[in-house]
Amino acid sequence: MQYCALHNTKVSTPLGDKLERDLSVGTAWLVVLAAIARAEEPIHGYEIARQLAAEAPEGLSFKQGTLYPMLRTMESERLVRSTLVPSREGPARKCFTLTPEGRRVLGAWTETWRRTGRWVNRFLGGIDELR
Amino acid sequence: MNSAESTGSPDPVRVYLALLEAALEQQDAAVRHDALLDAEAHLRSAIATGLTAEQAIADFGTPAEIASAYSATPAGAFGRRAEGALGADQEQTTAADMWAPAAGGRLSRIPIVGIWFQPRAWTALLYFGLVGFPLATAYFVWAVTVGSLAIGTLPLILGLPLVVFLLGSARALSLFEGKVVETFLGVRMPRRTQPVEGGADSYFWRRIWCWLRDVRSWMSLGYLVGNFPVAVVNFVLIFTLTVLGVVLMLAPILDAVGVPIGVVHDADGPLQIWFMNRRVEPDADGHLWLPSGTAIPSLLIGFALMTAVLWISRGLGWIYGHVVQAIQVARPRPLPRGSGGAAQAAAA
């Protein structure tokens, strides 16, 4: 599975790390697909990373370089397609757009995420009263 | 040239890329090539927005973190699309598994004859016996035609841009050939080519000069030309052996189902046909049948020959694929003199 790069810098216990990693695997895919989907034009890796870092919740760190293996996996699974755009600063940049398959997967995952979120929140609401 | 280099200090991005390349040593060369290009494009973009190189590198992640992310990525993510579930592992060839059974189920693990059940051997056979030769011919014709035109017009001003055009087309054709090789031979290829350093310079003649001194472009052109004789040899070898093997295997089967292996219309002449050291005599209708006692040896020899052809195709495919890969991937970037310092600190 794709290792994701979202790390909570405040909590670090072996079990906490495992939970965080398990959670982040699917979450990162979902967030990256969403970032590509909401971009009006093809979006390059740095811009995706910048947006993720800018909007990440407090305490979560994000190693931007780990985004690229994930994007490559997405491309090989035909969830996204890329085009090379010449860059003045260095090598040509790969810009990404969602494929119809990517949109379908994003829609399905978003629905799953929302349903799961409601389910988890119902239980978490219960423990809030206990704390 | 970037500002760091122009002031004499090592370019932190270059230093970081050298460290990243070392960290990715265990990765396939094509993956390493693409990862380095991605990293450079990312870091240069970050620096262009006003970040310091050290900050950009720190945000990007240490070479160990990036290498770990690539290691955790399914191998198939870098090859052709997985035919199944998301992230399903795929075949990939490495030096260690060159002769190991590839994907194809349990039957492919049978010693020697298991090769009949390995899809990679069949696709390699298809490549060398059918696809590779016409493609190599087309590349060769293109390179020689445009090359001749460019050399002929070199005394004129038009010659140099034509050479650059030829080099550019050679890079594009090499990249395309890489995709074909990846599809048929299963050796991973980079997704894009290393950019020509200075190739985007705003001065026309400086841009031409950058292209002319780009080793990778010349290597691509050399590949298009040099690949032709190699493709001819491969084609003749594989095609001839395959036809021979198939004929030897098919002849007894046709004979058994009552189909003659040949017909002689005018047998009055001094025509003598021999098959496996036995003379083939036409019947009253001029039909040729296998001499008795040759059916089983013919079948066995044909089967052995086809088995050998499949092994040869697979081995040739591995060698050929890695030669193409070596031409396409980036050469190791030399570590700038006196490197270390801030970039290494940020990378650590």
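This is a predicted model: local features need pLDDT of at least 70, side-chain atom pairs count only at pLDDT 80 or more; totals for chains, interfaces and linings use all residues.
## Chain B and the overall scores

Zooming out, chain B has an average pLDDT of 80, with 80% of its residues scoring at least 70. Which elements of chain B sit at the lowest and highest mean pLDDT? Helix α11 of chain B (residues 341–347) takes the lowest spot at 47, while helix α6 of chain B (residues 119–152) has the highest mean at 94. As for the model's scores, ipTM comes out at 0.81 and pTM at 0.64.

## How α2(B) meets α4(B)

Now for a helix pair. Helix α2 of chain B covers residues 12–23 and helix α4 of chain B covers residues 53–60; the two pack at an angle of about 25°, with their axes 9 Å apart. Angles under 35 degrees count as roughly parallel, so that is how α2(B) and α4(B) are described. Their crossing is right-handed.

Who touches whom? On the α2(B) side you'll find B:Pro12, B:Val13 and B:Tyr16, and they meet B:Ala53, B:Glu54 and B:Ile57 in α4(B). Sorted by class, this contact has five nonpolar residues, one charged residue and no polar ones.

Key
Residues are numbered from 1 along each chain as its sequence is written. Chains are lettered from A and ligands numbered from 1 in the order in which they are written. Axes are lines fitted to C-alpha atoms, for helices over the stretch in contact, and angles run from 0 to 180 degrees between N-to-C directions. Helices (H or I, at least four residues) and strands (E, at least two) are DSSP runs, numbered from the N terminus. Angles under 35 degrees count as roughly parallel, over 145 as roughly antiparallel, 65 to 115 as roughly perpendicular and the rest as oblique. A crossing is left-handed if the near helix is turned anticlockwise from the far one by less than a right angle, and right-handed if clockwise. Two residues are in contact if their C-beta atoms, placed from the backbone, lie within 7 Å. Ala, Val, Leu, Ile, Met, Phe, Trp, Tyr, Cys and Pro count as nonpolar, Asp, Glu, Lys and Arg as charged, and the others, Gly among them, as polar. pLDDT is the predictor's confidence in each residue, from 0 to 100.
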